[in-house]
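Dear colleague,

Please find below the structure that I am handing over to you, followed by an account of what was found in it.

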Amino acid sequence: MPEGTFMRVYGIDFTSRPRRGKPMTCLACQLEGDRLCAGTLGTWSSFAPFEAFLQQPGPWIAGIDFPFGQSRTFVSNIGWPATWPGYVRQAESLGRAGFRQALDAYRQPRPPGDKEHRRATDCAAGAISPQKLYGTPVGLMFFEGAPRLLRAGVTIPGVRSGDPDRVCVEAYPGLLARQLIGRRSYKQDIRAQQTPERDHARRALLQAILKGATQPAYGIRVQAPLSLADDPMGDALDALLCAIQAAWAWTQRAADDGQPTSLDPLEGWIADPHARADAFRAIGPGVS
């Protein structure tokens with residue numbers, strides 16, 4: 001990026017059912033050189049503001065915390081179209097209840113260890129299967145998020161060519177957090193489990209970022225308010241982590257946005273330097 005050039009960067013903590021008690025969280029940032037400055041923090045209690053955001057004129061890049069795709073193994077086995085737009089439209093056509101029923105029906109007769117498949121990028125990043133419907137329901141996040149990206153006509157590098165000034169990459173804040181504080185739990189939606197230990201972990205994570213811990217791997221210096229660690233659900237802090245991953249992808253645009261060399265465009269990829277290395281190439285695309 002030439003000196004003095006700014007890029008709008010957004011980090012979005014996504015949810016499959018936004019509401020007042022658990023909205024989507026969007027952190028607007030500005031990237032100049034290698035410095036990412038956090039700006040306005042907003043929340044969306046329905047999908048309408050998210051859809052409007054995707055249509056806003058660029059240039060901008062957004063890191064969004066949900067799986068953009070499904071594994072090739074699952075798509076092939078269930079008989080959905082073998083293109084990303086094709087199977088995203090197929091999933092949407094089922095409706096939310098029908099999508100859930102299709103995943104349940106797929107899982108039920110299969111033996112343990114072969115019920116839910118991970119993409120190559122999930123294996124490399126230590127992420128759960130995008131078919132998951134319980135716990136953290138990333139399957140429903142895919143169902144609600146991916147069709148909206150497709151309809152918005154944004155570019156998803158390596159997956160879908162759209163408006164080159166509106167770019168979305170898949171973020172996974174947990175991967176970045178693990179690099180800085182290990183597996184310490186730093187967030188919790190359930191009020192009774194919002195402990196001082198989690199509060200300390202959030203503040204340690206943010207302090208590490210502000211002191212430059214992201215520079216070696218991500219090449220990004222971060223300026224952000226300490227108040228981002230106040231939210232016990234961790235949504236504001238996760239939005240910052242998503243923005244860091246998006247900013248890293250933007251700085252890698254001359255090198256295919258940081259995509260792994262073995263990228264399977266059917267599955268998609270997580271934008272993070274730790275998810276693109278030899279582990280990714282060793283796994284290969286489409287492994288369950």
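The lining of the largest pocket comprises 17 nonpolar, nine polar and 16 charged residues. In this classification Ala, Val, Leu, Ile, Met, Phe, Trp, Tyr, Cys and Pro count as nonpolar, Asp, Glu, Lys and Arg as charged, and the others, Gly among them, as polar. This is a predicted model, in which local features need pLDDT of at least 70 and side-chain atom pairs count only at pLDDT 80 or more, while totals for chains, interfaces and linings use all residues. Residues are numbered from 1 along each chain as its sequence is written, and side-chain values use heavy atoms, with hydrogens and water left out.

The pocket and the cavity

The largest pocket holds about 1,000 Å³ of space. It is lined by 42 residues, of which D65, T136, V138, K187 and D238 are the closest to its centre. Two or more lining residues come from each of α6 (138–152), α7 (173–181) and α10 (235–251). The largest share, four residues, is given by α7. Helices (H or I, at least four residues) and strands (E, at least two) are DSSP runs, numbered from the N terminus.

Both pockets and cavities are found on a 1 Å grid over the protein atoms alone: a cavity is a set of points where a 1.4 Å probe fits but cannot get out, and a pocket is an open set with protein on both sides within 12 Å along at least five of seven lines; lining residues have an atom within 4 Å of a point. Grid points are joined across faces, edges and corners, and a volume is the space filled by probe spheres set on the points.

The structure holds one cavity of 30 Å³ or more, and the largest cavity contains about 30 Å³ of space. Its lining is formed by F68, I156, P157, C168, V169, E170, G268 and W269. By class, these are six nonpolar, one polar and one charged residues.

The sheet

An open sheet of mixed pairing is formed by seven strands, in the order β5-β6-β4-β1-β2-β3-β7. At its edges are β5 (154–155) and β7 (221–223), each of which pairs on one side only. Two strands are said to pair if DSSP finds at least two bridges between them.

Strand β1 (residues 6–13) is largely enclosed by the rest of the structure, because six of its eight residues are buried; buried means under 20% relative accessible area, exposed over 50%, and partly exposed in between (1.4 Å probe, protein chains only). With strand β2 (residues 24–32), β1 pairs in the antiparallel sense over eight bridges, and there R8 has Q30 in β2 as its bridge partner. With strand β4 (residues 60–64), β1 pairs in the parallel sense over five bridges, and G11 stands opposite G63 in β4. Strand β3 (residues 35–44) and β7 are also paired in the parallel sense, over three bridges, with L36 opposite V222 in β7.

T25 lies in strand β2 and is buried, at 5% relative accessibility. Apart from neighbours within four places in sequence, T25 is in contact (heavy atoms within 4.5 Å) with residues including G11, L41, D235 and A239.

Helix α4

The 13 residues of helix α4 (residues 95–107) should span 18 Å at 1.5 Å a residue, and the end C-alpha atoms are 18 Å apart, which agrees. The expected span is 1.5 Å times one less than the number of residues. Within α4, G98, F99, A102, L103, Y106 and R107 are buried. The buried residues of α4 pack against α2 (72–78), α3 (84–93) and α6.

Backbone features and loops

Most residues other than glycine have a negative phi, and most peptide bonds are trans. The peptide bond from G58 to P59 is cis, with omega near 10°; P59 is placed in the loop between α1 (47–55) and β4.

D256 has a positive phi of about 60° although it is not a glycine, and D257 likewise has a positive phi, of about 65°. D256 lies in the loop between α10 and α11 (278–283), and D257 is found in the loop between α10 and α11. D256 is exposed, with a relative accessible area of 51%, whereas D257 counts as buried at 17%.

G153, in the loop between α6 and β5, is partly exposed, with a relative accessible area of 28%.

Yours sincerely,

A colleague
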